[in-house]
Amino acid sequence: MIRLGILLSGRGSNFIAIADNIARGALAAEIAVVISNRPEAPGVAAAQSRGLRTLIMPSKGPSLQKLSREEHDRRVAAALAEAEVELVILAGYMRLLSPWFVRQFPERILNIHPSLLPAFPGLDAQRQALEYGVKVSGCTVHFVDENLDHGPIILQKAVPVLSSDDEHSLAARILVQEHIAYSEAISLVASGHYRLEGRRVLFETDIAGNAPQPDNSTPPGRL
Ligand code: GRF
């Protein structure tokens with residue numbers, strides 16, 4: 001069973017969706033550790049209440065002011081190694097990763113972003129999409145490389161942008177798809193039935209011909 005290390009900073013709804021899918025047998029994985037850089041993150045309480053190994057590793061504070069990004073990341077990487085983590089899952093982790101950290105886990109760090117990348121990277125992706133006027137947005141699960149919201153795309157799910165949307169209603173509709181997409185992507189990566197060709201993540205058919213394929217279908221919209 002693949003061992004996941006979850007990094008989060010906030011609400012933790014993606015983490016909870018992954019944990020729920022594992023608990024009901026829909027995702028073959030185990031959560032080895034949950035690490036938050038923010039002690040007050042609701043995701044921390046959710047992890048603790050599930051009895052998961054939960055670590056608070058703040059990146060700011062009076063005694064930590066001299067810690068560089070890489071020094072902090074080295075501590076996080078040591079905690080992940082200690083928990084024998086095989087796949088690092090960024091679930092609303094509001095910190096840029098150092099290049100050093102990314103190099104420790106080649107093709108082993110996943111992120112989810114609430115837009116159809118490469119459109120609208122960075123903060124407030126849902127608001128960016130709304131203000132730009134796109135008619136379709138969605139979410140993207142991708143491998144993490146050294147650039148923000150940039151690595152090879154594992155899967156995407158599209159959602160319609162409605163005339164009645166504000167950024168909250170759009171974010172909520174995208175979030176429903178995020179909670180499905182992240183577990184699917186973890187499952188695809190854990191299966192090992194893929195290869196990278198440049199930026200393209202290509203899914204292979206296994207010998208039995210039943211390798212998982214991503215479901216990028218668009219849910220029905222309404223006018
Ligand atoms: C999600 O919208 C995710 O796409 C983005 O950060 C948000 C985290 O939400 N990277 P949650 O903490 O998982 O609820």
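Which helix does Arg 127 lie in? Arg 127 lies in helix H5.

## Basis

This is a predicted model, in which local features need pLDDT of at least 70, side-chain atom pairs count only at pLDDT 80 or more, and totals for chains, interfaces and linings use all residues. Residues are numbered from 1 along each chain as its sequence is written, and side-chain values use heavy atoms, with hydrogens and water left out.

## Helix H5

H5 spans residues 125-132. Helices are DSSP runs of H or I with at least four residues, strands are E runs of at least two, and both are numbered from the N terminus. Ala 125, Gln 126 and Ala 129 are buried in H5. They cover an arc of only 100 degrees around the axis, which puts them on the same side of H5. That arc is taken from the directions from the helix axis to the C-beta atoms. Buried means under 20% relative accessible area, exposed means over 50%, and partly exposed lies in between (1.4 Å probe, protein chains only).

The buried residues of H5 pack against strand S5 (109-113), strand S6 (136-143) and helix H6 (167-191). Contact here means heavy atoms within 4.5 Å. Arg 127 is partly exposed, at 33% relative accessible area. Its C-alpha atom is separated by 27 Å from that of Val 88, 39 residues apart along the chain. Just after H5, Gly 133 takes a positive phi of about 95 degrees.

Pro 118 lies in the loop between S5 and H5. The peptide bond from Leu 117 to Pro 118 is cis, with omega near 15 degrees. Phe 120 is found in the loop between S5 and H5. Phe 120 has a positive phi of about 60 degrees, although it is not a glycine. Phe 120 counts as buried, at 12% relative accessibility.

Glu 84 also has a positive phi, near 55 degrees. Glu 84 sits in the loop between helix H3 (69-82) and strand S4 (87-90). At 55% relative accessibility, Glu 84 counts as exposed.

## Ligand site

The residues around the ligand (a heavy atom within 4 Å) are Arg 11, Gly 12, Ser 13, Asn 14, Gly 92, Ile 112, His 113, Pro 114 and Glu 178. A polar side-chain atom of Ser 13 lies 2.5 Å from a ligand oxygen atom. For Glu 178, a polar side-chain atom lies 2.7 Å from an oxygen atom of the ligand. Asn 14 uses a polar backbone atom, 2.9 Å from a ligand oxygen atom. Taken alone, the ligand exposes 370 Å², and the protein buries 85% of that. Accessible areas come from the Shrake-Rupley method with a 1.4 Å probe; for residues, only the protein chains shown count as cover.

## Core and strands

The largest nonpolar core has 62 residues. Such a core is a set of buried Ala, Val, Leu, Ile, Met, Phe, Trp, Tyr and Cys residues joined through side-chain atoms within 4.5 Å. Phe 15, Leu 80, Phe 101 and Leu 110 touch the most other members. H6 gives the most to this core, with eight residues.

Asn 111 is found in strand S5. Asn 111 is buried, with a relative accessible area of 12%. Its side chain makes a polar contact of 3.4 Å with that of Asp 149. A polar contact is a pair of N or O atoms within 3.5 Å; within protein, one must be able to donate a hydrogen and the other to accept it, and residues adjacent in sequence count only if both atoms are side-chain atoms.
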